[in-house]
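Reader: Could you show me how to read the charged pairs and patches in this model?

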Amino acid sequence: MPSRARGQYWPCLFSFWALGLLPSRGQAQQPFHQQVDHYLRARLLPEEKVIEVYDSVVYTNRAPRSLDTFYLHLWPQAYSSSRTALARQLAEHGKTILKFQKSARGRMEFSRFDQDGRPVVYQQWKKNPDVVWWRLASPLEPGGKLSLVFQYRIFMPSADVSRMGVKGNDYFVTQWFPKPAVYDAEGWHPMPYLDLGEFYCEWGTYRVELDIPARFVVAASGIPHPEYLYQLELRTQRTDSSLRDTTGRRLVRYVAEKVHDFAWCASPDWWVEKTVYPDPVSGQEKTVFAFFKTQNATLWKGITEQGRRSLTWFAEYFGQPYPYSFYNIVDGSLAAGSGMEYPQMTIIGPVSNRKILEEVVHHEIGHTWFQGILANNERDHPWLDEGLNSYFDARYARDVYGKEERYLNIPSLFKNVDFRKTTEGVKTLEYLLWNTLVRVGVFQGPARYSSTQYSQLNYGLSVYQHTAFLFRYLEEVVGQSVLDSALRLYYQRHAFTHVRPADLRRALEDITGQDMSWFFEQLLKSNGAENYRLRPGELKWLPQSRQLEILLRYRRMPIPIPVYVGPEYAKPEKQFVLWPISRKSVRLLTDSLPFEPRNLTLGRPFILPDYNFRDNYFLLTPRGWKRKKDFVVFPLINFLNVKRPGLALWPVYGWNNNNKSMLGLLVHNYALPPDRLQYYLMPLFSFNPHSWAGSAGLEYRFYIKKDFWPVVLSLDGHRYAYAYTTRPLNYLKNSLGLQIPLTDPRRPWRATMHLRAEYYCVQWEQHLWHNVQSLHDRNRYFRTLAEWRVEHSTRWNPFRHSLFLEGISEHAAAHSMRQTGQAFKIFQEVKAVFYFMPKYRGLHVRFFQGGFPWVPDTRINVNYKLSAWPGIYDYTYSGIFWDRSATRGLLARQMMEADGGFRQFVNFQSFRYLAALNLRLDFPRPVPARFFVDLGYTSTAYPGYQGKATHHFWSAGFTCHLLDETVAVHFPLFYCRAIKQFLSLNNSHTWHQQIRFVVDFNRLNPRRILNGLKFLN
């Protein structure tokens, strides 16, 4: 978006801005909006999937200053190539259709582009082909008019791309004509078309003529001509598709007044249904049409009644009639979300059941008011319409159904969890997601960013649902009637104008008489959350004054908190609201209560923006106030643990070739949302021979800065057998880790520092020469690791660079002689993916290089290896192997990616320097297989061709994989002479002896997944 200059307007700067070619922003002035009137004549040619358009535009400058440049949106051009802003955003969100499917693209071709009768020479704005600008021949003075005439052909894109397109016989013609960018008190607002991030348009009158084949049915913004309205009446009386046989063409006329957009859809396959009703406020006749496919008739029949109920409910709420005569509900193949609103029309995407359909229809009808009548800049302030509209979804459900529930497509993982049991105002699944993202540091506040800066998950969760959640909380604080009065005042003041957050804030402050900065500047813009809490000793009943003395604790965000107090141990009712006034603990006295309280709750669960409700419940006992604790034992994972703590108990069976069968119990408190302190304990009993093994871990997260940047402190321990001779040989690994974010975790580019200190105690066995006696002893060594990681966590071409510093100190006890050794390593790893085929297929690149600042002690085997590590190489004990010490057989072929990463095992090592490049190329077909090529260099030379020493090595083959090589089988087929010679000397030169496999259990660790949660696109 263009930069914005706010503050006092200086005449000396205006002349500079007037000469500039970029949009300028001046001082805040009285609200105004430009008038843009269109006469559009369009001819649909379905055989060519083309629309021929003549467009005459009259632009009236209502601004108090002249314009010397002009910005125009040509949004169909967003579909024209793989380099547009739309194509880039779609790729980031997992849709590569514009990059790889040229037949899905669309474009505009102009044969006439005139201003005031003269051809225009325009330029692209910031290299966006769908936004153009030009210098006006003479400034357009206040009150002046500009005449634009366009003739062009639209080559329709596929409807699988975004909002506009064709699918089969269905045409969805939206954002289809040249639109002047909005010019308001802040200046010009040019914006490229995006899939995630909607619009900001000027008001005007549209007169539209559509020349279509007679067999097509049209749904459009505006009032249809009586002749076509009669044709729709006939269509509603048909129960078959006989009108498809109609030949010739038909001219359909529409007029739409006082709207900021015009859209239309056409199909020969629609059934038509209508409902006529009197507006409850004005008594005027209103008509709701529905256009739906034959195969969806069972689901869609009667949906016009839902349209009537929604239109009636909003009219009654605002006390103002629905301002138009018609509303159309269209069954569409929508690629951008489940529904999309336009003036007097909505297009609904595929839905799975009637309840979801009704909910989406109501939400889209709500946009008639929030964006259709109160028209905000959705690119800059998406919460102002999407969030408020989502709040009214809940209000409508409460008024009509008696409770607030969402009809969600719940993932199968949550099928047995009742997320709809609460009737307290906010949906528990959405609260769970919000709380989880807050605690792992990737939540984005609803009013803090423009729509282009949100991740895909945060856009839906924060902009839509969290805004609704906060307004439900505001309703609890100020009262429903007060909030209703403020919202009605907001509507009455600003109907049919462009609105800003300040307009809504002003209405709330005028009705409540309070400064609302705590709501607009803190809650709506906060990336984090607060824990409002009491302690039992800080809650006192004063019988003489019949007051409660409360010491409220919080960290940084003072907000009003409703307090619920009851005389008995039943559900309490709200009695008062606490208003903290500082950013620290505050002691407050309540109003006089009519009864002696017996229970107390701070806020209501899933309404108060508190991420931990466990310290919000109190009961009065003979010993005084006590915190209410409901401890629960759950089988696998505890959802919504904000209300009560829990512990999971889960039987575990494990096996490796050295411990053999192991049986134990997993005890953990891992939950969603995650606690600050999380732990697990997994003791295992090994049956061959009888011994103990297992793992344990503890993790604590605390936050730096002010927006929940999580610092993770972890402590882990593991004990397992790694070999078996006359008895099992075990290793013990204890580690202490610290993860520190160096940049904002919500941004796609992230930098993190990982520090780790590890202690190993490894039991080993040595057989004496010519003696059956054996000695058992232990090696102890320490390892410290520092990692600086920079990554771009996008779905399209992700990148990660890690720099490691590793120090190792070994203390070995061997046959009554102690040995020590030290080593220091510096190495780096770069991983990148370059996708150039559909379905996320392309080239996967890994580069590794490592060296020693000085030659390490050769008594410790920490040198760099050319191959990926089998179990015997894993001196860090970080991999999970079925047989860590195997050197022969199937289990010896398990590997983990490290060092040179060659997928073919060769015992080539280096004590000074090693570099490797690992390339993996996806198959052209969408099959789980990749070609691989491994290239390597070692400072140590090995015998190569004709006995000559070589430092360079290569290997190639293909890999079959699942879950992005979490499980993989490698088939090396081609390799250099040095590797061939090594294989011959080791009698492993046949192709089946070289097969290796990977089973990366660490990738499936839920704790690792949670800590690695990135900016979710």
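**Charged side chains**

Author: Let's begin with E109, which is partly exposed, at a relative accessible area of 37%. Buried means under 20% relative accessible area, exposed means over 50%, and partly exposed lies in between (1.4 Å probe, protein chains only). This is a predicted model, where local features need pLDDT of at least 70 and side-chain atom pairs count only at pLDDT 80 or more, while totals for chains, interfaces and linings use all residues. Residues are numbered from 1 along each chain as its sequence is written, and side-chain values use heavy atoms, with hydrogens and water left out.

Reader: Which residue forms a salt bridge with E109?

Author: A salt bridge here is a side-chain nitrogen of Lys or Arg within 4 Å of a carboxyl oxygen of Asp or Glu. For E109 the partner is R107, and their closest N and O atoms are 3.0 Å apart. R107 is partly exposed, with a relative accessible area of 36%.

Reader: How many salt bridges does this rule count?

Author: The count comes to 45 salt bridges. One of them joins the side chains of R439 and D675, at 3.8 Å from N to O. R439 lies in helix α9 (residues 428-439) and D675 in the loop between β38 (671-672) and β39 (677-687), so this pair ties together parts that are 236 residues apart in sequence. Helices (H or I, at least four residues) and strands (E, at least two) are DSSP runs, numbered from the N terminus.

Reader: Is R439 buried or exposed?

Author: R439 is buried, with a relative accessible area of 4%, and D675 counts as buried at 13%. Now try E897, whose salt bridge with R846 has its closest N and O atoms 3.8 Å apart. Here R846 sits in strand β47 (residues 841-851) and E897 in the loop between β48 (864-865) and β49 (909-910), so the pair ties together parts 51 residues apart in sequence. E897 is partly exposed at 35% relative accessible area, whereas R846 is buried at 2%.

Reader: Which residues are linked in a network of salt bridges?

Author: That network links R920, D922, R930, D964, E965, D1000 and R1003.

Reader: And which residues form a positive surface patch?

Author: Patches are made of residues with over 30% relative accessible area and no salt bridge, like charges being joined within 9 Å. In this model R719, R727, R778 and R780 form a positive one. Among them, R778 has its place in strand β44 (residues 774-792) and is partly exposed, with a relative accessible area of 43%.

Conventions. Patch = residues over 30% accessible without salt bridge, like charges linked within 9 Å, V, L, I, M, F, W, Y side chains within 5 Å. Areas by Shrake-Rupley, 256 points an atom, 1.4 Å probe, with all protein chains shown as cover. Lys, Arg positive; Asp, Glu negative; His and termini not counted. Charge placed at Lys NZ, Arg CZ, Asp CG, Glu CD.
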